[in-house]
Amino acid sequence: MLRHLLLAAAGSDRLGRLAASAPFSKNAARRFVAGDDVEAALRTGRILADDGLAVTFEHLSAETRSAEQAVAVRDEYRALLGRLKGAGLVPAAEVSVKLSALGQRLDEKLAYEHALAVCAAATEAGTTVTLDAEDHTLTDSTLEILTELRKDHPGTGAVLQAHLRRTEGDCRELATAGSRVRLCKGAYAEPESVAFQSSLDIDKSFVRCLNILMSGEGYPMVATHDPRLIAIAEDRARWFDRASDEYEFQMLHGVRTEEQARLAAGGNVVRVYVPYGEQWYGYLVRRLAERPGNVAAVGRGLVGR
Ligand code: FAD
């Protein structure tokens with residue numbers, strides 16, 4: 001019930017405007033979001049890098065409904081990438097990008113061109129881009145754009161969602177030499193026709209996908225906070241004889257930070273997903289919907305503790 005209420009709130013423009021204008025809600029968001037702008041993102045990135053963690057930055061923007069918005073998102077990423085070296089964040093930091101924010105739902109070719117410009121800026125900065133996975137209606141288009149981008153920028157990362165029934169096949173396709181693949185459970189509500197619905201079926205699919213990626217030739221990026229799946233990933237990395245720089249763990253900023261530190265202290269690469277930007281409200285509420293227990297922690301943030 002709380003989850004449904006929170007997801008409805010996440011999609012509300014009116015609540016978003018109200019929340020963004022209230023200074024106390026920024027306090028609440030701080031645990032999960034770096035801040036409004038590039039400066040805040042770089043500051044958070046530096047703190048994490050000093051703790052031995054890698055970073056992937058994501059700019060949180062409003063849904064892209066015009067070509068002008070897509071250009072603004074492209075330019076935001078180029079500006080951020082242009083600052084990474086100077087901030088001492090190369091090679092620790094890369095960026096995560098939603099193709100829909102670059103205009104994929106308006107014009108796929110335009111989104112590809114913008115993504116190519118972002119990848120060129122990343123290559124210039126000495127780092128990489130990972131293309132986020134969105135809902136299943138965009139999966140084919142995203143993987144096609146990935147293939148094109150990799151011709152010039154082979155380090156471009158893919159994201160595959162274990163809850164989609166197609167994903168085992170996509171893992172097989174993408175487990176090739178040098179291929180960076182983030183495996184996550186999947187954050188979007190999907191119909192039964194395309195996606196597993198129960199946690200058990202999603203977890204089982206995650207393990208099957210993990211086996212394919214860990215036994216393949218690519219670079220698996222294991223994005224989960226789930227202790228059972230993390231333990232299985234550690235086991236598979238040992239079983240398939242992967243050195244600690246041949247895979248990585250990824251978690252969200254502010255989520256299971258002690259586990260992030262434990263894995264990093266054990267010699268693992270741990271990359272923290274650091275979102276920033278003025279559109280943090282929807283992101284924050286989606287995190288709360290995933291784990292309503294966090295409402296209490298954010299509530300403490302609301303009153304400044
Ligand atoms: P969950 O099923 O949420 O949790 C499983 C278990 O993990 C819980 O039972 C608990 O034991 C533990 N746990 C989880 N959260 C906490 C917490 N806050 N405190 C303590 N224990 C906790 N999704 C997409 O669809 N597309 C993407 O591109 C994408 N990129 C991502 C990038 C990163 C780096 C990460 C970490 C996630 C990404 N996701 C993405 C989101 C992902 O699909 C899941 O929705 C999200 O990570 C929650 O799933 P989970 O595997 O962490 O486990």
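Here is a friendly set of questions and answers about the structure above.

User: What kind of model is this, and how are its residues numbered?
Analyst: This is a predicted model, in which local features need pLDDT of at least 70, side-chain atom pairs count only at pLDDT 80 or more, and totals for chains, interfaces and linings use all residues. Residues are numbered along each chain as its sequence is written, starting from 1.

User: How many helices and strands does the protein chain have?
Analyst: Both are DSSP runs numbered from the N terminus: helices are H or I with at least four residues, and strands are E with at least two. Counted that way, the protein chain has 13 helices and eight strands.

User: What percentage of the protein chain is buried?
Analyst: A residue is buried if 20 or more other C-beta atoms lie within 10 Å of its own, exposed if 12 or fewer, and partly exposed in between, with C-beta atoms placed from the backbone. Among the 305 residues of the protein chain, the buried share is 42%.

User: Is helix 8 roughly parallel or roughly antiparallel to helix 9?
Analyst: Axes are lines fitted to C-alpha atoms, for helices over the stretch in contact, and angles run from 0 to 180 degrees between N-to-C directions. Helix 8 (residues 167-174) and helix 9 (residues 199-215) pack at about 10 degrees, with axes 9 Å apart. Angles under 35 degrees count as roughly parallel, over 145 as roughly antiparallel, 65 to 115 as roughly perpendicular and the rest as oblique. Therefore helix 8 and helix 9 are roughly parallel.

User: Which residues does Cys209 contact, leaving aside neighbours within four places in sequence?
Analyst: Two residues are in contact if their C-beta atoms, placed from the backbone, lie within 7 Å. With neighbours within four places in sequence left aside, the contacts of Cys209 are Leu160, Ala162, Thr167, Glu168, Cys171 and Leu183.

User: Which strand gives the largest share of the shell around the ligand?
Analyst: A residue is near a molecule or strand if its C-beta atom, placed from the backbone, lies within 6 Å of it. There are 23 residues around the ligand, and Asp132, Cys184, Ala187, Thr224 and Gln250 come nearest. Strand 4 (158-161) and strand 7 (248-252) are the elements that give two or more residues to this shell. The largest share, three residues, comes from strand 7.

User: Is Glu190 buried or partly exposed?
Analyst: Glu190 sits in the loop between strand 5 (180-184) and helix 9. Because Glu190 has 18 C-beta neighbours inside 10 Å, its class is partly exposed.

User: Is the peptide bond from Val90 to Pro91 cis or trans?
Analyst: Most residues other than glycine have a negative phi, and most peptide bonds are trans. Pro91 is found in the loop between helix 5 and strand 2 (93-97). Omega for the bond from Val90 to Pro91 is near 10 degrees, and the bond is cis.

User: What is the phi of Asp241?
Analyst: Asp241 lies in the loop between helix 10 (227-239) and strand 7. Asp241 counts as exposed because it has 8 C-beta neighbours inside 10 Å. Although Asp241 is not a glycine, its phi is positive, near 60 degrees.
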